[in-house]
Amino acid sequence: MSLEQILSDTDEKIVQMAQHQLLRLLTPKERKPIVEWCRENVDMSYDITSSSNGLFKPYPYQIEPLETAETPGVQELTLMWGQRLGKSTIWKMDMLYRVAYGGLSGLIVYPSLELGAKTNEDTVKPLLCTLKDARRDLALRSGKRKTSYHMPSLGSVIYFLGGGAQVISMTANWAVLDECDFVKLQKAQAESENVNQLKAVRLRMKTFKEHLLIPCSSPSNYSGPIYKNWSSGSRGEWHMRCLHCGRLSPVKQLAFPQADGSFAGLQWEKDQNGNIIEDSIRWICPVCKYSHCYADAFEMNEQGAYEHQDKGNKRHRSFQCGALGNPWIWTWREIAQAQEDAIDPDGKKFLCNSVLGTPYKHVREGDVSISIEDAIKEKRRDYPDDLGERLSIVVAGIDQQKSDLAGLKYYVVAVRGWDEEGNSYLMHQGTANSLEALAAILDATYYGHRVSLALIDQ
């Protein structure tokens with residue numbers, strides 16, 4: 001065969017390959033649901049950071065966030081989970097799914113370039129290489145670069161940032177802020193250093209009508225970006241289900257105070273040396289008081305569900321989950337020990353942030369970033385149905401105020417009821433603009449009781 005024939009055959013094969021790739025990109029694929037696709041195609045053995053091997057099997061609390069990532073109209077997906085619960089698994093699965101079907105213009109922001117390089121080497125690239133076309137592209141010199149992966153045969157590219165680098169001169173239809181409570185901007189003001197990076201990424205995505213931003217992190221404090229972002233979303237909280245009455249209980253707290261002074265939730269006994277007796281650990285349903293053992297925890301979570309406080313927020317779905325949601329990784333013994341060790345700020349911070357997946361504020365830190373309204377919501381409990389029978393006395397406190405307008409007076413009033421056990425209940429709070437209005441509040445009946453004592457500062 002002559003040289004001209006060889007070159008001619010080679011050119012023809014190149015043209016055929018190019019035509020084939022162009023046809024692949026132009027021909028829409030029929031997409032399988034993401035969870036089904038991941039179960040059938042993703043081998044977690046390639047991810048050395050994963051706790052599982054073999055084909056991907058999601059934990060119960062991971063299913064809804066995965067499905068949400070591919071729900072039309074969702075533009076933001078926030079994950080505020082405790083440690084070792086697989087936050088990054090969600091964005092990795094969605095990344096693989098989008099690369100496989102083509103058209104991903106991605107951006108991953110890491111807390112540092114060093115962490116980013118290690119994560120890419122340990123998990124991102126190995127998982128991408130499970131896709132045949134991606135493996136071929138990344139094997140080329142132009143495929144794997146210092147700050148990006150290029151997969152032209154799949155019409156996809158992924159860029160990486162870290163170490164506080166600002167997001168400029170790039171667009172993305174899919175972006176991740178991994179451990180976003182620890183992603184900081186250089187030369188930023190302390191009160192806004194984390195939020196700025198989140199806002200910057202969100203701004204760079206506006207080029208695309210259909211896009212998805214995924215901030216994920218274990219929480220730090222109430223002023224951290226992950227809690228603020230979670231609060232602005234649908235505020236979904238993972239609940240596990242009682243195997244007796246079928247009611248759901250949130251996993252963000254361990255103990256539930258009961259009206260009789262006892263506690264439900266995770267309870268245990270200790271030996272004479274103060275050590276936890278492992279066999280005694282039980283989850284007591286706050287509703288029906290049924291006692292579950294650790295072996296029940298798996299089914300309790302298999303039947304679990306998220307409850308969203310803002311169900312109507314379809315654009316931004318946010319999810320919270322703690323260690324009780326994953327008995328496959330966290331044992332009840334570990335969780336109970338974290339509670340026992342929470343005797344100082346470090347122990348309490350570990351319990352809240354890493355175990356329960358909730359923010360933590362040390363009372364001496366002077367952090368007033370949590371609003372009074374949020375603080376009240378955290379403490380608020382439903383009143384018992386027999387409150388009228390429980391109450392022993394109803395009292396009122398009045399604080400006289402004077403406005404600057406012609407010296408007008410008004411009164412700030414709080415009415416509280418007390419029972420024999422020392423529990424107090426707010427009956428009324430507000431203001432009165434005259435003595436007549438004040439008298440009407442003091443003469444009212446509260447759960448069948450009149451005000452017995454009123455104190456005023458005038």
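Colleague: Where should I look for the largest nonpolar core, and which residues have the most contacts inside it?

Modeller: The general idea first: nonpolar side chains in soluble globular proteins tend to be buried together. In this predicted model, the largest nonpolar core has 73 residues, and Trp91, Met95 and Leu128 have the most contacts inside it. Helix H4, residues 87–101, gives the most to this core, with nine residues.

Colleague: Which residues is tryptophan 91 in contact with, leaving aside its neighbours within four places in sequence?

Modeller: With those neighbours set aside, tryptophan 91 is in contact with Ile108, Tyr110, Val124, Trp174, Val176, Asp178, Ile214 and Cys216. Another core, of 18 residues, lies apart from the largest one, and Leu107, Leu198, Leu213 and Tyr222 are among its residues.

Colleague: Let me zoom out. How many helices and strands are there in the chain, and what share of the residues is buried?

Modeller: You'll find 14 helices and 20 strands in the chain. Of the 458 residues, 43% are buried. For contacts with a separation of 6 or more, 65% come from residues 24 or more positions apart. The accessible surface is about 24,500 Å², with 52% of that belonging to carbon and sulfur atoms.

Colleague: Why is H3 said to be largely enclosed by the rest of the structure?

Modeller: Count its buried residues: seven of the 10 in H3 are buried, so the helix is largely enclosed. The buried ones are Pro60, Tyr61, Gln62, Pro65, Leu66, Thr68 and Ala69.

Colleague: What does serine 218 touch, not counting residues up to four places away in sequence?

Modeller: Serine 218 touches Trp81, Gly82, Gln83, Lys87, Glu179, Asp181, Phe182, Ile226 and Asn353. Its C-alpha atom is separated by 5.6 Å from that of methionine 80, 138 residues apart along the chain. For aspartate 279, the C-alpha separation from tyrosine 294, 15 residues apart along the chain, is 8.8 Å.

Colleague: Last one, backbone angles. What is phi for lysine 289 and for tyrosine 447?

Modeller: As background, most residues other than glycine have a negative phi. Lysine 289 has a positive phi of about 70°, and tyrosine 447 has a positive phi near 50°. Lysine 289 is in the loop between S11 and strand S12 (291–292), and its 43% relative accessibility makes it partly exposed. Tyrosine 447 is in the loop between strands S18 (445–446) and S19 (449–450), and at 45% it also counts as partly exposed.

Note on methods
Residues numbered from 1 in each chain as written. Predicted model: local features only at pLDDT ≥ 70, side-chain atom pairs only at ≥ 80, totals over all residues. Heavy atoms only, no water. Helix = DSSP H or I, 4+ residues; strand = E, 2+ residues; numbered from the N terminus. Buried < 20%, exposed > 50% of the residue type's maximum accessible area, 1.4 Å probe, protein only. Contact = heavy atoms within 4.5 Å. Areas by Shrake-Rupley, 256 points an atom, 1.4 Å probe, with all protein chains shown as cover. Core = buried A, V, L, I, M, F, W, Y, C linked by side-chain atoms within 4.5 Å.
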